[in-house]
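Trainee: Please pick one part of this model and take me through it slowly. I'd like to see how the pieces there sit against each other.

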Amino acid sequence: MLEVLERHDVPATFFVVGSMAAQHPDVVRRIHESGSELGVHTFTHPELTHVSSWRVERELDQTQLVLAGAAGVTTRLFRPPYSSTVEAIDNPAYDVVRRAGEHGYVTVFSDIDSQDWKRPGVDAIVRNSTPPDGRGGVVLLHDAGGDRSQTVAALDVLIPQLKEQGYQFSTITDVLGTERATPAAPVDRATGSGLLVLVNGALMVVTGLKWALIAVCGLTILRLLLLVLGAHVHARRRSRAHPAWGPPVTDPVSVIVPAYNEAAGIEATVRSAVASNHRVEVIVVDDGSTDGTADIVEGLGLPEVRVLRRPNRGKAAALNAGIAAASHELVVMVDGDTVFEPTTIHELVQPFADPEVGAVSANVKIANRETLLARLQHIEYVVGFNVDRRVHDVMRSMPTVPGAGGAFRRSALLGVGGLSSQTLAEDTDLTISLGRAGWRTVYQPKAVTWTEAPTTVRQLWQQRYRWTFGTMQALWKHRRAVVQRGTAGQVGRFGLLHVVSFQILLPAVAPLLDVFLLYGVLFLDPWTTVMLWTGMLALQTAIAAYAFRLDGERRTVLWLLPAQQLIYRQLMYVVLVQSLAAAASGVRVRWQHMRRAGVAAAPSQRAVAAAVPAPRTPGDTVPPAETSTSQRGPVRERWLDVLRAAALGRVMLYHTVGWPWLSMVFPAMGVMFAVGGSLTARSIDRKPPVDVVASRIVRLLTPLWVLAVVMVPLMLLFGWSAATEESWASESLRWPELALWIFPILDPPHSDWDLGRDAAMVLWYIRAYLWFVLLTPLMLRLFRRRPLLTILAPLTLVAADALIGSPLSGMGDVGQGVLDFCTFGACWVLGFAHRDGMLARARGAVLGVLAVVSMGAGLWWAATHPAWGSYGLNEIPLAQALVSAGFVLVALRVSPSLRLLDRIPALGRFVTVLNARAVTVYLWHNVAIYLTAPMVVWWGGYSPTEHLALAVVLTAMAVVTLGWAEDLAARRRIRILPGAPPKPKHARPLLRR
C-alpha cells in the first residue's frame, strides 16, 4: 500500500495495532518517513466497550510507546477498534471517546466504509470507496487482517479515478491544522525501544514454546501408543488359561522383610505372608530399629518367622543379610509396609517355571486411598508403573522390580553380587544388573501386593526425590548397557533409554503443556487452547480407563485426572528438577525414611482384606452398618435450611420485579454461598475430602445437565444467532464450548434467543459454586491455619480490583470468574467459621459492629460508584462483597428458635422441599419468570403480584417433574416431593410353615 501511495503521491493515515507494529518497526518507520501519518488503534485490538478503563489506558499507552520506539514520534490520533461512523456511537462507545479525549486524543471515525474486509472484489471495493454525489469524506481501508491483495489493487484504481473527478487527498492532521506527529521524549523512546525488544523476545519464546509443545505432544502420544500396544499384547499373553511358564511351581519360598522403624505396619506384613497359600519362611531383618520393630515380630510367636537383628547399615545391606540367611532358592523381598493377599506369593513365583526368568515383579497397589494425594498416586501406580511394567515385560527390558513386591532366584542374586549400596534406588540397580547378566525379568499382574502411600506432600517429596535421584544413579552406573550386545544391550537400548526418554526428559518438559495452556487462555483464543488441552486429556483418560480395566480397578477415580495433570505433575516436575540439580552438582543425597501410619495393619488376613479397598465385584454387598448410616443421612440444620429457602425466595422475587434495594436488604447470593461453605466443611470433617468434592459436584451438575438437555436443543432449533451490541450472547456458536454445559468451569454459552439468554443468565452461580467446591479442601486447610487472613484475602482482592479500575471485568470470562470468586469468597469462608464454632464463640456485640461497618462501607461504595445508572449490588462487586459479608456475619451468628416449623408441619415440609430441590428451583425459576410474563399481560395488564404467583406455580411444576435429578445425584430414593413423614410400620403376623 505504501508503494501505491508513493507512486500516486498520496498520503494516508495509518492506525496501527501496537502488538503488530512492535513486530514490524521498519514498516512503522517507513510510514512516518513517507509523509503519511500514524494513529493509535490500540495494542491488542479489543472491543473497548467491553473492557475496563484501566485496560483502555494500557492499550493506548503501550501503542504510543511502540510508536516512540519504532519511529521516534507520538500521535494524538486514535481510532477505536470495530468503530465506523459517528452516527453509530452509543453510550458505551461515547464513554471510550470521552476517556480518550481526557488523555489528549482526537478520536477519528470514518464516513465511507470500503468493506474490503469482506474481500468482495476490486470493483466492489472501488465502488464502495467512492464518495456519493461528489462529497468528501474519510475512507476506511484495511492493510492487515489477512490477504489484502484486493485492497492494494483497488487502491491503484481508486486514486486515479478520484483525481480525475477533482478530489484532493489529505491527512487527518492536515484537515485539523495540527502537527502530523510529535517527537517522542528521550525517556519514551528508550522505554519504547525496550518494549520492542520485550515483545519480539516474547514472540521468540512463544515460537520456541510451540515447537517444544509439538515435541512434548509427540513424545506423549508415542508413549501412550506404546503403553496401549504393549499392555494389550501382555494382557493377551497372560489371559491364557495356562501361561507358558511350565509346570506349577510349588517350591518353598523365603520371604525377606527389611525393616527400619516399621512398628506401625510390620505385624500386618508378617501375618499376611504367613497366611499365604504357599509354603514360606519369613525372615525379618531389623536394621537397627529404635521403635521395637523386632520385639513386635518376636512377640507374634509364629514358628515360620525368624528375626535377624543387626546395626543400621541401610536397606541394601539388610536385604543381603536376609539373602544369606535364606533357606530356599526362591526369594521374595518386600518392604515392611506391604501386605500380601493369600494367593500373592504363589502367583509371584509361578514364572520361575521358565528357567530363563530370574526375577518377577508384583502388581503393587495403593492401600490407603482416602486422601486426594493418595488417589493421585493410585492413578499413577495403575496407569504409569504397572502399565510400564507390562510394556517392559513384552520388550524383555524391565528396569525395576519394586521394593513393595518382587521375587528372585537366590542364585541369580548371588551371581550379581547381591544388592549394591552405591545408589539410592537399589531395586532399579539390582534389576538392571540381573538383565545385563542374562536373566529375564517379568511382570505378574495376578500377584497383588498392597503398600502404604505417602499421605503428605513432604513425605511424597522425600520418597520421589530419593527414587528419582537413585534412578539417575542407576542409569549412570549402567550406561554402558546401551552399547552392549545381547540381553544386556536389549535392556540398555530399550529399558534404559525408555526411562531416560519418558521418566526424565518428558516429565522435565511436560509442564510446557500447562504453561502454554495458561498463555493460550490469557493471550490467544482461550476456547481453542482449552479444547486442545482437553483433547489431550481425553486421550489420556481413555488410555487410563483401559489400564484400570486391565487391573480390575474402578474407573470412578479417573475424574481426578485433571488434578493429576495440573497439580500432581507440577509437584513431580519440581522433584525432577531438584534431582537433576543434585545430580549435576554432585550433592550427596542421604536415605529418607518415611513415617508409616500402619493403615494396612490387621491381626488377621480377613481384617487385612477389609482394610484394603480392593475393587468390588458385582456380587458385593454393602455392610449393614454402612447401609443404615447412609439411609439415615446427616441430621438437618434447620436454621441453615431456612436461610437457604429465604434466599431462594428473594432471588425469585428480585428476578421478577427487579427492585435494586432487595440486594441491599437481603444479599441472597452471599447467604447461599455461606450456607454452602458451612455444609461442605461439615461433610469434609466426616468423610475424605476427595469423596466430598466428587459427591457435591455430581449433586450440583446433574440438575444442570437436565436443563442442558432441554435448553441447548431449543437454542439450536430457534437459531444460534450472532450477538448484537445490546446482547451478551456468544458471537457465534462454537461446538466445543457446549462442553461447558457439562462441566462449567466458565460460563456456558447461549444463543441470543430470549429464553435461552434468561436460562443461562443464572448459571454464573453454578460456575462459582463449582469452583468453591473444588477449592474447599485447600481453602479449609488455609482457614484453619490462618482464619482471619483467609477471610480477608478475597475482600482485599475485590477491593484492589475496584480501586484500580476493575481490570478483572475486562478479562473476559476468566476475569469475571475470578471476580465472582473474590466477591463471594469471604461468605464461603465465613461458612467455615460457622462450622468450626468461631462465630458462636465470638461476642455478639463485636460481630454486630463488624457487620454494621462492613455493610455501611458497602452501601457507601454503591452510592458513590453506581454501575449502569443503578445502585443494585449485583453490578457493583465491592459493594456486594462487603454487604454480603456483613449480613452473613449476623445471619450465621444467630440461632433462633424454629418451633414454628414443628407447629406448622406444612411450613416445615415446604422448607425441606426447597432445600432438597434448591438447585432445580434456582435453575428453572428464571425460565418460569420468562414464560409467565406474556401470560400475565395477555390476561389483561401486567401485575407484579400475578407475575410472581404464576412464576412460583410454574417453578413448582418444574420441581415436581424434574426434581428427581437431585435425588438421583444424591443417591437417595427418588420422590416427587421429599420430606414426607415416615409411614407407620404396622405389625405383621409371623407366618411359619
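Mentor: Let's start with helix 24, which crosses helix 26 in a left-handed way (near helix turned anticlockwise from the far one by less than a right angle; clockwise would be right-handed). Bear in mind that this is a predicted model, where local features need pLDDT of at least 70 and side-chain atom pairs 80 or more, while totals for chains, interfaces and linings use all residues. Numbering runs from 1 along each chain as its sequence is written, and side-chain values use heavy atoms, without hydrogens or water.

Helices here are DSSP runs (H or I, at least four residues), counted from the N terminus. The axes of helix 24 and helix 26, residues 668-686, come within 9 Å and cross at roughly 150° (axes are fitted to C-alpha atoms over the stretch in contact, with angles from 0 to 180 degrees between N-to-C directions). That makes the two roughly antiparallel (over 145 degrees; under 35 is roughly parallel, 65 to 115 roughly perpendicular, the rest oblique).

Now the residues in contact, meaning heavy atoms within 4.5 Å. Helix 24 brings Leu-640, Leu-643, Arg-644, Ala-647, Leu-648, Arg-650 and Val-651, and helix 26 answers with Ala-668, Met-669, Val-671, Met-672, Val-675, Ser-678 and Leu-679. Sorted by class, that's 11 nonpolar, one polar and two charged (Ala, Val, Leu, Ile, Met, Phe, Trp, Tyr, Cys and Pro are nonpolar; Asp, Glu, Lys and Arg charged; the others, Gly among them, polar).

Helix 24, residues 638-657, has another partner: its axis and that of helix 37, residues 918-938, come within 10 Å and cross at roughly 15°. This pair is therefore roughly parallel, and helix 24 passes helix 37 in a right-handed crossing. On the helix 24 side you'll find Arg-644, Leu-648, Val-651, Met-652, His-655 and Thr-656, touching Ala-918, Val-921, Tyr-922, His-925, Asn-926 and Ile-929 of helix 37.

For a contrast, look at helix 6 (residues 122-129) and helix 7 (residues 149-164), whose axes are 9 Å apart at an angle of about 50°. They are therefore oblique to each other, and helix 6 passes helix 7 in a right-handed crossing. Val-122, Ile-125, Val-126 and Ser-129 of helix 6 meet Gln-150, Thr-151, Ala-153, Ala-154, Val-157, Leu-158 and Gln-161 of helix 7. That contact has seven nonpolar, four polar and no charged residues.

One last stop: the whole structure holds 21 aromatic pairs (Phe, Tyr or Trp six-membered ring centres within 6.5 Å; planes under 30 degrees apart are stacked, over 60 edge-to-face, the rest tilted). Phe-772 and Phe-821 have ring centres 4.5 Å apart and planes at 20°, so they are stacked. Phe-772 belongs to helix 29 (residues 763-785) and Phe-821 to helix 31 (residues 812-835), so this pair links parts of the chain 49 residues apart.
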